[in-house]
Amino acid sequence: MSEPVVVAESLNVRFADQCVLDDVGFTVNRGEVFALLGGNGAGKSTTLKTFLGTVAPTSGSASVLGHSVTSDSDFIRSKVAYLPESVMLYGHLTGMENIEYFLSLADVKRSASDIEAALKRVALQADTWHKKLADYSKGMRQKTAIALALLRSAPVLFLDEPTSGLDPSAIDEFNQLVTALSEAGSTVFMVTHDVYGACQVAHRIGLLDQGKIVGVFERNGNELIDTEQVHTAFAKRNA
Amino acid sequence: MSIIKSVMFDEWRYWRRTKVATTVILIGIALALASVIVNSIEVRQASAERTELQRISEQTFFDQPDRHPHRMVHYGHYVFRTPSPLSIIEPGVDAFTGTAMFLEGHQQNTAMFSEQRQSSGLTRFSSLSPAFMLQVLVPLMLILVGYSCVTREREAGTLHVMITQGVKVRDILAGKFFSLAGSGMLMLAPLAIASLWAGVHGESLAITASFVLGYVVYILVWSAIVLWGSTISSRSNASFAILIALWVVLCILVPRIASTTAASLEPSPGKLETDFSVVEELRALGDGHNASDPAYEKLKQDLLSQYGVDDVADLPMNFRGVVLTYSEKKLTDVLNKYAEARMDEELSQAEIARQFGWLSPMVSMRTFSMMIAGTNLENHHRFLREAEDLRFDFVQALNHAHEHDLDYHTDINRYVNDDTAKAARVDASHWQVLSSFDFAPESAQFRLSHSLRYALQLLLWAGLMLALIKRASRGVM
Amino acid sequence: MLFADFYREMRFLSKQRYIVLFLSAVFALSAFAVWSGLHETKLQQATIERLLEKDSVDRENVLAGQGDYGSAAYYSFHVTYSEPSSLAFAAMGQRDTFPWKHRIRMLALEGQIYETDAENPELSLFGRFDFAFIVSVLLPIFVILLLHDLRSGEKEAGRYDLLVASAKKQHKLWLSRALVITTGLALAMLVPLLVGAAITQAPLAKTVAMVLITLAHLLFWVVVTVIAGRMMLARGQNSPRIASALLGVWLLATVIVPVVSDTLINQSITGPNGGEVVLTQREAVNGAWDQPYSVTWDEFLKTHPEWADYTDMESSFDWKWYYGFQQAGDQHAAELSKAYRDTIVRKDVAAGKASLMSPAMLTQRLMSSLASTDISASLAYEQDVRDFHASLRQFYYPLLFKGGEFELEQLADMPLYQQRLSN
């Protein structure tokens, strides 16, 4: 029943003489929310970038839906929606126009009403839709990007520190959205340093430290992962 | 003061560490040095060559055998323009004007053989002159070195930290300014040394000092432009783009647009075309070779009555010589009238182009530099005028010999046979009337007083930049 | 498919004020350059027309008042000119330093042909702002400014990963963006040129060649800029550093290579100084007065043996002898004069080779060659003048040597200057 979607096997990445990822391996199955948890410099962003195809693995393999990142990155990009940590879009375009532009880049066609529906779903106020993005707050930009990810209706979602800089109510809204997406069959792969947030949404958590996976935590049935337990392991590593 | 100093030293340390700025500055110094050396050698060669040609030309004239004096008027003489001492730095229009001129009776020739005409044609945009390096390339180097001097601190947040710690914005900007100006001065050093050298070779102290000072102000203006661009931009990318665009406009576009505009606003018909009017006027004056031309009837009658004789043959002087002297004077007046009009025309064209100095410090610097160095249009005109004076003097001196030292009868019978031809000659000692030609640029006082306006343009730029930076400094936070 | 990408990026970039302003400025510059070139061409054509008109009136008046053929030849001038080609407006080349108009007469040509009715030297120093200047010198800077941060700019704005993750085909995104900007630049520069070419009715083939040169130079810099931008970004360099490096390349190609080659060419290729040619000619012509007539006739008959039986002179001055030593003077200086011209040609050939190392110079040279404003066009004009002068001699010699009464009608067949080099 479990269908592997995002797979890393013995992944190694080196920059010059520095080992950034050291034998990283994990599998994210369809419909699952997987969080890679780690401190600054643990290698989270590098892992994500390897899957996006902007960083080449030194050895080992990474694949999405059975397609390797090294040989089939175009295919992977067409199946993945990516939400960057700090969302930067084009300041000279409006929120609507930004979404339209990025959708056309991905060659995805959506009607105006679809886009409006998505913006409503992420709770971006309607009077800001046609304002220049340069006037948006960080939260509003984040919402725009989430709407974009939703509209891509990609089977796989990559999230980079999705809740950093959001206020508590926005975080709740976001977590509900992620849960809803996974229940609808989307596979979610996120990297974060927010222990609490990860435990709220993730089915499984991989703890990354100095380029190595040093621990894996899993939900027990429908029970959320124990925040206390993860926190202790995380704090010990980052002491 | 110590804060300014430490900001300055910090900037220099950053340049050393990142290597990019150091490389740019070293390239700048190397280019300036190379151009000064190569140009000095070339100018010295040209100077020696032309002095020698001038000497030979004079000697050949003196060495001519006994002849009919009017033959020497047509034999003519060559003059050569020796370069001014500061042309090792600022060659100005020298490459575009002829360096040699043939002087003969009854006409004014143009200066021939400009260097540009004999060159490979590769240097129409750029030249190896130190002036081009300093006026055009050093500003670019300053931009490459300093575009991020403020934006870098802003992006890294250190600017914020410094200001919140109580450092005055003014002091930060002053420190950055001096660090930039300092690197500019390094690139200016070869020029300053070369100016000293020109001073040793006969240029006045006031001239060399104001020449170097002009360039110092120019470098300060560009340092200020770079600082301003970096202060008003929020990011390094933006300040880089703004400054490069400014450089293209101020150093490349405006000068060319200036000359194109001047040529379009004040088209000059050219010498060839005015020559028609000249020839028309000259025809009315009569041909001096033909003493029986009706144009000289009045002259003849006046002389006859003055000496109380009935025939020109009985005059105490050679009437043909009298006519030649008289007609050469009249002709020269006409030629000078047109030559002056033409020079005025060229000058007013140049004046239009020079007005663009209000729009670009590069144009004002170039005009100032050429004016001080004595390599501008006025100097070329001075060459033309001095050559003309020399021409008129020796032609009239030969005509004087024709008038007084050659008998009228011998003169009119000179084509009868070989013996009469031999008789119609004067002694070669008469050729000594040619005075030597030693061309020097305008006097120091003339050059200084005429460059005031361009100095003012430069100072205005300095003032403008100061005001702009002051305004920008208020918006730093 | 690529068209859809192109259309999307066009819409996207057209909303960027900076790009639109930039391209408008380029268009304005190109339009100004073309306008001033057309204006200059028109002025030159008008000058030639006026000269020709005055010239024929003047000559008729002069000839009417003469009593012998020798004076007729002595006092009558002939205007020679090189008409600006229909593309001269785009590349004015060397026309401001090399002469394109003369007024010559049948005296020794070497004394007349170097006279230059030059432009204002201070304006020549500043240089003209023509289309060729925009394409050869400014175009690389435009490309660098617009395209150096194609990728790095997005990286620095934090959008790079999202863009790469969103784009269906990554390289298509960059390609279509670069293509849109390149097309915009090309249109902004070329539209004024094409309008100008239409006004002067320039031949299609040459206009197309001019366009192709522009596009080739543009493409060269686009490729260099995009590749350098990509490679330097991969090495962690930021946009200003990428642009600085590219400006270094520009400096090398536009300033250093030409200046160094010029210095080397001037040092290695030497020939007689122009002054020597004129001096030699002057000595020969003036010396003739002091020498036996036979010296002049011997030299003259070397090239004109057909007049060997006609050299008897009635007095010690005869016009045929006068023109004979003018011809002899030219012959004396011929070798030097040829060497002088050969030096110019050799320098030009060497400059042509050197320009292979500098795209800017290559562009400039190709354009002025198309517009017939280069050194070889100028030498061709000089040859036209020499040929015309020779034909003038051929016309007058029979009249001078065979004697006979002066008849104005005899001068009706006098050769007229015609420019051989056509557009």
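Reader: How many bridges join strand S4 of chain A to S5(A)?
Author: 2 bridges join S4, residues 59-64 of chain A, to S5(A), and the two run antiparallel. A strand here is a DSSP run of E, at least two residues, and a helix is a run of H or I, at least four residues, numbered from the N terminus. Two strands pair if DSSP finds at least two bridges between them.

Reader: Is this a predicted or an experimental model?
Author: This is a predicted model: local features need pLDDT of at least 70, side-chain atom pairs count only at pLDDT 80 or more, and totals for chains, interfaces and linings use all residues. Residues are numbered from 1 along each chain as its sequence is written, while chains are lettered from A and ligands numbered from 1 in the order in which they are written.

Reader: Back to the strands. What stands opposite His67(A) in S5(A)?
Author: Val64(A) does.

Reader: And what order do the strands of the open sheet have?
Author: The order is S2-S1-S4-S5 in chain A, 4 strands with antiparallel pairing. Strands S2 (18-29) and S5 (67-68) of chain A each have a single partner strand, so they stand at the edges, with one side lacking a neighbour in the sheet.

Reader: New topic. Which pair of chains has the most contacts?
Author: Chains B and C, among the 2 pairs that touch. Two residues are in contact if their C-beta atoms, placed from the backbone, lie within 7 Å.

Reader: How many residues of chain B are in contact with chain C?
Author: 73 residues of chain B are in contact with 69 of chain C. Helix H9 of chain B, residues 236-265, gives the most to chain B's side, with 17 residues.

Reader: What about chain A and chain C?
Author: There, 19 residues of chain A are in contact with 17 of chain C. Helix H3(A) has the largest share of chain A's side, 4 residues.

Reader: How far apart are chains A and B?
Author: Their nearest C-alpha atoms are 14 Å apart, and the two chains do not touch.

Reader: How many helices and strands has chain B?
Author: Chain B has 18 helices and 4 strands. Its radius of gyration is 30 Å, well over the 23 Å that the globule rule gives for 477 residues, so chain B is more spread out than a compact globule. That radius is taken over C-alpha atoms, and the rule is 2.2 Å times the number of residues to the power 0.38.

Reader: What box do its C-alpha atoms fill?
Author: Chain B's C-alpha atoms fill roughly 105 × 40 × 35 Å, taken along the principal axes.
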